[in-house]
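Open the model in your viewer and keep the sequence panel beside it. Each stop below says what to select and what is there.

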Amino acid sequence: MASVTGTSACMTSVSFSFKQTTQRRISSVNSVSLPINGKSFPSLRLRSAPTRFRVSCAAKPETVEKVCEIVKKQLALPADSTVTGESKFSALGADSLDTVEIVMGLEEAFGISVEEESAQSITTVQDAADLIDKLVQSKSA
C-alpha cells in the first residue's frame, strides 16, 4: 500500500493475483510513503517545481521596437494600435501570407536570411526579434 499526500502524481498498481491494473491520478502531492514487504520507510518530501519552463533570448529593445514597426507597416495597422514583444501575429490579424510578408520585410530590413524552418516557429514579435538578434550575431561572428 502506498500513501501519497499533498501537486500531481499518477500511480499505477498491478495486482498479479487478479491481473488487474488500477491507475489513479492524484493532485497536490507533497510526500510519498512506500512500505515494502511489510516494512515502512520514512516519507519522502517532495518540493514543488515551476509548472512552466521558458527560455528567452531577450533581444535588444531596439530590435523589438524595429520589428514592431515593420509588423505594423506590413499589416497596415493604425498608428494608434499597440504592438509589443508579446503580440502574437495571429492576434494582430495576420494570416499565413501576412506572416511570410512580415518575414520577408524583416529579412530586407536587417540584411539577413531566415530559414523556412525558423520562420515557421515565429509566432510573436519577441520570437522574431530573438531570431533576428541571433542571426545578426552569427552573421557578424
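The tour starts with the whole chain and then moves through single residues.

**Ground rules**

This is a predicted model: local features need pLDDT of at least 70, side-chain atom pairs count only at pLDDT 80 or more, and totals for chains, interfaces and linings use all residues. Residues are numbered from 1 along each chain as its sequence is written, and side-chain values use heavy atoms, with hydrogens and water left out.

**Whole chain**

Colour by secondary structure. The protein has four helices and five strands. Here helices (H or I, at least four residues) and strands (E, at least two) are DSSP runs, numbered from the N terminus. In sequence order the pattern is β-β-β-β-β-α-α-α-α.

Now show the surface. The accessible surface of the protein is about 10,700 Å², and 53% of that belongs to carbon and sulfur atoms. Areas come from the Shrake-Rupley method with a 1.4 Å probe; for residues, only the protein chains shown count as cover. Of the 141 residues, 26% are buried. Buried means under 20% relative accessible area, exposed over 50%, and partly exposed in between (1.4 Å probe, protein chains only).

Select Ala59, in the loop between strand S5 (44–45) and H1. Ala59 counts as buried because its relative accessible area is 12%. Its C-alpha is 5.7 Å from that of Ala129, 70 residues apart along the chain. Beyond neighbours within four places in sequence, Ala59 is in contact with Val64, Gln126, Ala129, Asp130 and Asp133. Contact means heavy atoms within 4.5 Å.

Step to Lys60, in the loop between S5 and H1. Its relative accessibility is 43%, so Lys60 counts as partly exposed.

Next, select Thr63 in helix H1. Is Thr63 buried or exposed? Thr63 is buried, at 6% relative accessible area. Not counting residues up to four places away in sequence, Thr63 touches Phe110, Ala129, Ile132 and Asp133.

The charged end of Lys66 sits over the ring of Phe110, 4.7 Å from its centre. The rule: NZ of Lys or CZ of Arg within 6 Å of the ring centre and within 35 degrees of the ring normal.

**Ala76**

Move to the loop between helix H1 (61–74) and H2, and pick Ala76. Its phi is near 50 degrees, a positive value in a residue other than glycine. Most residues other than glycine have a negative phi. Ala76 counts as exposed because its relative accessibility is 65%.

**The patch at Val100**

Select Leu97, Val100 and Met104 together. They form a nonpolar patch on the surface, with about 300 Å² of accessible area together. Like charges are joined within 9 Å, and nonpolar side chains (Val, Leu, Ile, Met, Phe, Trp, Tyr) within 5 Å. Val100 lies in helix H2 (residues 96–110). Val100 is partly exposed, at 45% relative accessible area.

**Leu135**

Finish in helix H4 (residues 125–140), at Leu135. Leu135 is partly exposed, with a relative accessible area of 21%. Leaving aside neighbours within four places in sequence, Leu135 is in contact with Ile112, Ser113 and Val114. Leu135 and Val114 are 21 residues apart in sequence and 8.0 Å apart, C-alpha to C-alpha.

Key. Patch = residues over 30% accessible without salt bridge, like charges linked within 9 Å, V, L, I, M, F, W, Y side chains within 5 Å. Salt bridge = Lys/Arg side-chain N within 4 Å of Asp/Glu carboxyl O.
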